[in-house]
Amino acid sequence: MRLLLAVLLLVAALPASAQKRIALTFDDVPRGAGAFLSQEDRTRRLIGALRRAGVRQAAFFVNSDKVVGAAEAQRIDAYVRAGHVIANHSASHPQLTATTVDAYLADVDRGDRWLRARAGYRAWFRYPYLDEGRRDVAKRDAVRSGLAARGFRDAYVTVDGYDWALEGRAVAAAAVGKRIDRRALRDLYVETNVGAAEFFDALAVRATGRSPAHVLLLHETDLAALYIGDLVRALKARGWQIVTADEAYADPIAAEASRYETPSAQGTLTEMLAWQARLPAPRWYERNDEAVLDRLFATRVLHEGAP
Ligand SMILES: [Zn+2]
């Protein structure tokens with residue numbers, strides 16, 4: 001807890017700068033049921049909230065196997081009609097360390113057959129679980145070259161706030177009828193993601209000497225639909241500018257993606273570059289930890305136990 005407090009104080013002490021830029025990306029589209037909204041309502045609210053927040057172009061990373069009917073395809077089309085772009089997150093969301101190179105690339109190809117002809121498509125690939133083969137260098141390199149041969153660019157992320165973990169806890173609490181303090185949930189979602197942006201930006205500056213155009217990993221959740229406007233407002237208040245996914249992936253840091261050398265290929269590009277640069281710890285955001293988020297969710301959102 002003392003370390004968490006220290007991190008928060010450090011984040012609060014960082015000077016706001018107009019130079020900080022970040023793009024919003026949403027994975028696992030079309031994602032399954034959440035705690036609060038129908039999936040159609042989620043899409044409507046998310047599109048409206050992004051528009052009102054002035055977010056011109058976010059990226060939505062699709063798992064084509066989850067498109068089981070017209071409703072899912074219509075949700076994806078609605079994001080594109082609103083000006084956002086879509087890209088490949090594989091067909092079935094496999095974990096690279098748990099499958100073979102051939103099966104993995106076949107899954108990517110299957111996802112791409114669904115996506116490639118659609119409006120708003122970008123030839124970007126986002127690794128499920130941010131798993132790029134971990135310690136298996138041969139597998140890592142085989143998939144990297146397989147993706148490059150198919151014309152994909154690596155849709156890395158530089159900022160991760162574990163939004164999926166908060167969403168999962170909200171779903172679990174709602175399923176057993178617990179009372180969810182929605183204001184507290186909103187505040188925790190916003191604070192955790194803003195804290196992630198500030199932490200990873202400081203890490204990028206230490207690792208590379210500059211602040212890149214960042215890519216924030218989010219998921220297509222009810223929390224995003226409900227609180228993305230609050231998150232954008234909070235980011236802007238801290239000096240962040242929301243940029244398009246196209247602009248973020250045009251950043252020079254993209255040249256570092258798929259080239260870094262680390263003992264384990266996984267997670268954010270920022271962490272991998274920090275590791276490659278042999279920066280001392282902490283190289284990871286303290287809230288990228290389910291036990292930490294568990295405690296925060298239980299005490300602040302469910303008002304259970306002592307803080
Ligand atoms: Zn995913």
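Leaving aside neighbours within four places in sequence, Leu 24 is in contact (heavy atoms within 4.5 Å) with Leu 50, Val 55, Ala 58, Ala 59, Leu 216, Ile 228, Val 232 and Ile 242. The model is predicted, so that local features need pLDDT of at least 70 and side-chain atom pairs count only at pLDDT 80 or more, while totals for chains, interfaces and linings use all residues. Residues are numbered from 1 along each chain as its sequence is written, and side-chain values use heavy atoms, with hydrogens and water left out.

Leu 24 also belongs to the largest nonpolar core, a set of 98 residues in which Leu 24, Phe 26, Tyr 189 and Ile 228 touch the most other members. Such a core joins buried Ala, Val, Leu, Ile, Met, Phe, Trp, Tyr and Cys residues through side-chain atoms within 4.5 Å. Helix α7 (residues 182-208) supplies the largest share of this core, 12 residues.

Two buried residues (under 20% relative accessible area, 1.4 Å probe, protein chains only) are set out below; helices (H or I, at least four residues) and strands (E, at least two) are DSSP runs, numbered from the N terminus.

| Residue | Location | Relative accessible area |
|---|---|---|
| Thr 158 | loop between β6 (153-154) and β7 (159-160) | 0% |
| Arg 144 | helix α5 (residues 137-149) | 12% |

Beyond four places in sequence, Thr 158 is in contact with Phe 200, His 214, Val 215, Thr 268 and Thr 270, and the Thr 158 side chain reaches the backbone nitrogen of Val 215 at 2.9 Å.

Definitions and conventions:
Buried means under 20% relative accessible area, exposed over 50%, partly exposed in between (1.4 Å probe, protein chains only). A polar contact is a pair of N or O atoms within 3.5 Å; within protein, one must be able to donate a hydrogen and the other to accept it, and residues adjacent in sequence count only if both atoms are side-chain atoms.
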